[in-house]
Amino acid sequence: AQSHVLWPEIDRITAEQLHYARQGVGEGVWELFAEDGEMRMYKREEEVNGLVVDPLKAVHTVKGVTGFEMCHYFFSPDYRLDWETTIEQMKVLEKVSDDTMIFLQIHKRVWPASQRDALFWSHLRQVPDSRDPDAQNIWIVCNHSTEHHSAPEKSNGKYIRVFLTVALVCQTMIEPPKNGAQITRDDLTCKITYCSVVNPGGWAPASVLRAVYKREYPKFLKKFTHYVYDQCKNKPIRF
Ligand SMILES: Cc1cccc(-c2n[nH]cc2-c2ccc(F)c(-c3ccc(S(=O)(=O)CCO)cc3)c2)n1
């Protein structure tokens with residue numbers, strides 16, 4: 001993928017999002033708006049040109065899966081329609097490499113706003129942890145809006161194009177069994193940080209958008225993480 005015209009942007013945005021995901025929610029203005037078991041969802045209330053673009057940061061801990069497995073199921077188009085309930089159509093416009101694809105997604109309409117679509121590159125990468133060199137256990141998927149020659153600039157007016165930046169950062173923690181036995185899924189914990197900023201791209205009532213985010217984000221992360229656990233539980237562990 002290093003040769004692709006998008007590579008410098010992919011490299012820069014992915015590094016930025018990794019740094020951003022690692023920042024705690026202690027500092028500043030993050031507001032906890034949803035909790036469910038180990039999942040904590042925070043938001044900041046921000047508007048750009050009168051449009052709600054509330055940044056979201058969710059942290060979650062899921063036992064029994066690895067960070068690679070979580071990121072693999074988030075990245076791969078083959079499983080997306082199993083866990084993403086708000087997608088009406090999904091198309092891979094370009095397979096840049098094994099770890100980078102360009103998606104066009106048409107999402108369900110949220111009344112009274114107009115229907116939205118999203119055109120973005122998606123990149124999966126293993127991250128050597130600079131602070132802990134032998135922690136080869138951090139994976140990231142970064143999704144960032146882009147242009148593409150085979151997607152109409154505007155979907156000839158049918159859908160409003162959102163502008164999004166999303167990052168799923170997953171770290172595998174292993175509790176090695178005392179008796180030196182082989183590692184099982186009971187010894188695995190995946191620490192997840194999900195960050196997202198979605199600019200709705202066109203007018204949508206602030207109250208409607210905030211209600212959608214409040215309802216949809218916890219539902220999405222809960223459904224996605226349960227889906228990955230169920231997909232992996234009877235399969236060999238993949239780090
Ligand atoms: C989880 C969630 C949060 C906020 C809104 C909604 C939603 N409800 N009805 C339509 C949408 C909708 C409209 C446009 C979008 F781009 C996405 C969208 C959301 C997430 C992602 S992703 O990159 O996190 C996962 C890949 O689909 C991409 C697009 C979702 N769903």
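## Cysteines

A disulfide is a pair of cysteine sulfur atoms within 2.5 Å. By that criterion, a search of the whole structure returns zero disulfides. The sulfur of C190 has its closest cysteine sulfur in C170, at 4.2 Å, which is too far for a bond. C190 has 0% relative accessibility and therefore counts as buried (under 20% relative accessible area, with exposed meaning over 50% and partly exposed in between; 1.4 Å probe, protein chains only). C232 is in no disulfide either, its nearest cysteine sulfur being that of C190, 9.7 Å away. C232 also counts as buried, at 2% relative accessibility.

## Model and conventions

This is a predicted model, in which local features need pLDDT of at least 70 and side-chain atom pairs count only at pLDDT 80 or more, while totals for chains, interfaces and linings use all residues. Residues are numbered from 1 along each chain as its sequence is written, and side-chain values use heavy atoms, with hydrogens and water left out.

The largest pocket has a volume of about 850 Å³. Of the 36 residues that line this pocket, E84, T86, H107, V198 and Y217 are the closest to its centre. A pocket here is an open set of points on a 1 Å grid over the protein atoms alone, where a 1.4 Å probe fits, with protein on both sides within 12 Å along at least five of seven lines; lining residues have an atom within 4 Å of a point. Points are joined across faces, edges and corners, and a volume is the space filled by probe spheres set on them. At least two lining residues come from each of α3 (77–83), β7 (100–107), β8 (116–127), β11 (163–174), β12 (188–199) and α4 (206–232); helices (H or I, at least four residues) and strands (E, at least two) are DSSP runs, numbered from the N terminus. The most is given by α4, with 10 residues. The lining divides into 19 nonpolar, seven polar and 10 charged residues, where Ala, Val, Leu, Ile, Met, Phe, Trp, Tyr, Cys and Pro are nonpolar, Asp, Glu, Lys and Arg charged, and the others, Gly among them, polar.

The second largest pocket has a volume of about 360 Å³. It is lined by 19 residues, of which A21, Q171, K191, I192 and T193 are the closest to its centre. Two or more lining residues come from each of α1 (7–22), β5 (56–63), β11 and β12. By class, this lining has eight nonpolar, six polar and five charged residues.

Helix α2 (residues 67–75) has nine of its nine residues buried, M70 and F74 among them. Apart from neighbours within four places in sequence, M70 is in contact (heavy atoms within 4.5 Å) with V62, V65, L168, C170, C190, I192, F224, T225 and V228.

H144 lies in strand β9 (residues 138–145) and counts as buried, at 8% relative accessibility. Residues up to four places away aside, H144 touches E9, I13, L119, F120, W121, F163, L164 and T165.

K57, in strand β5, counts as buried at 1% relative accessibility. Beyond four places in sequence, the contacts of K57 include Y20, W30, R40, M41 and Y194.
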